[in-house]
Amino acid sequence: MYLYRQAERRTRGVCQGILNRVVPIMGQIRPHYPVVLLLAAFSRHEAALDWACQQAVRLWGPIQLASEVFAFDNTGYYGATMGTGLKKVLFAFRDLVDPAMLAKAKHQTNEWEEQYRRQYGGEEARPLNLDPGYVTEAKLVLATTKDRDHRIYLAQGIYAEVTLYYQRDRGWQWRDWTYPDYRSAACHEFLTRCRNFLREKKHAV
């Protein structure tokens, strides 16, 4: 017992000496810099895209950047509920936002989809599809209601997916799960404009 207590005292002394020499280092919690809020809208009806833009501007503020309206024809997944001849457009908003609002934004876009279906819906079960997301200097994040192994739960039944990431020497890069339209050069060019806008805002502060 005596030898055990001596060993315990020596061990305690060694550990205390190490602790006295080590300066505690921990990550500092900092707020995320605001991001560029993005809205992807697609429908077979261009009037639906215009309507979605109006709702978003009313709640989220002015549009800073908009892509060309392009054919969304690289998948047949939505044909049964949305019909054929789908068109898609991307909007980026002038007012930067806290990325933590993404779950709330997805709930808002779901409400707009249902509102449009009730007011203007025709033969399609889902005449308008809206996906909010955001752009940082490093990535494009999209919101979704569907869980997958590569998606992170946010809140209120909403998940987040890193759809693209940015490399300085190679530009926008996709993952295995990235949808084809987000792999296109035109989409990457638009996202680069969003990224440049964000960088200008950050450097202006």
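Val 141 in strand β6 is the bridge partner of Tyr 134. Helices (H or I, at least four residues) and strands (E, at least two) are DSSP runs, numbered from the N terminus. The model is predicted, and local features need pLDDT of at least 70, side-chain atom pairs count only at pLDDT 80 or more, while totals for chains, interfaces and linings use all residues. Residues are numbered from 1 along each chain as its sequence is written, and side-chain values use heavy atoms, with hydrogens and water left out.

**Strand β6 and its partners**

- Strands β5 and β6 pair in the antiparallel sense over three bridges; two strands pair if DSSP finds at least two bridges between them.
- Three residues lie between β5 and β6, and the two strands form a hairpin.
- Strand β6 also pairs with strand β8 (residues 158-167), in the antiparallel sense and over six bridges.
- Within this second pairing, Leu 142 stands opposite Glu 161 in β8.
- Strand β6 is mostly covered, as five of its six residues are buried. Buried means under 20% relative accessible area, exposed means over 50%, and partly exposed lies in between (1.4 Å probe, protein chains only).

- The structure holds 12 salt bridges; a salt bridge is a side-chain nitrogen of Lys or Arg within 4 Å of a carboxyl oxygen of Asp or Glu.
- One of them joins Asp 181 to Lys 88, with the closest N and O atoms 2.5 Å apart. The pair links distant parts of the chain, 93 residues apart: Asp 181 is in the loop between β9 (171-174) and α5 (185-204), and Lys 88 is in strand β4 (residues 87-93). Asp 181 and Lys 88 are both buried.
- Another joins Glu 137 to Arg 199, where the closest N and O atoms are 2.7 Å apart. This pair also links distant parts of the chain, with Glu 137 in the loop between β5 (129-135) and β6 (139-144) and Arg 199 in helix α5, 62 residues apart.
- Glu 137 is partly exposed at 23% relative accessibility, and Arg 199 is partly exposed at 31%.
- Glu 137 and Arg 199 belong to a network of salt bridges that also links Arg 195 and Lys 202.

- Arg 118 and Glu 114 meet through their side chains in a salt bridge of 3.8 Å, N to O.
- Arg 118 and Glu 114 are separated by about one helical turn because they are four residues apart in helix α4 (residues 102-120).
- Arg 118 is exposed, with a relative accessible area of 58%, whereas Glu 114 is partly exposed, with 31%.
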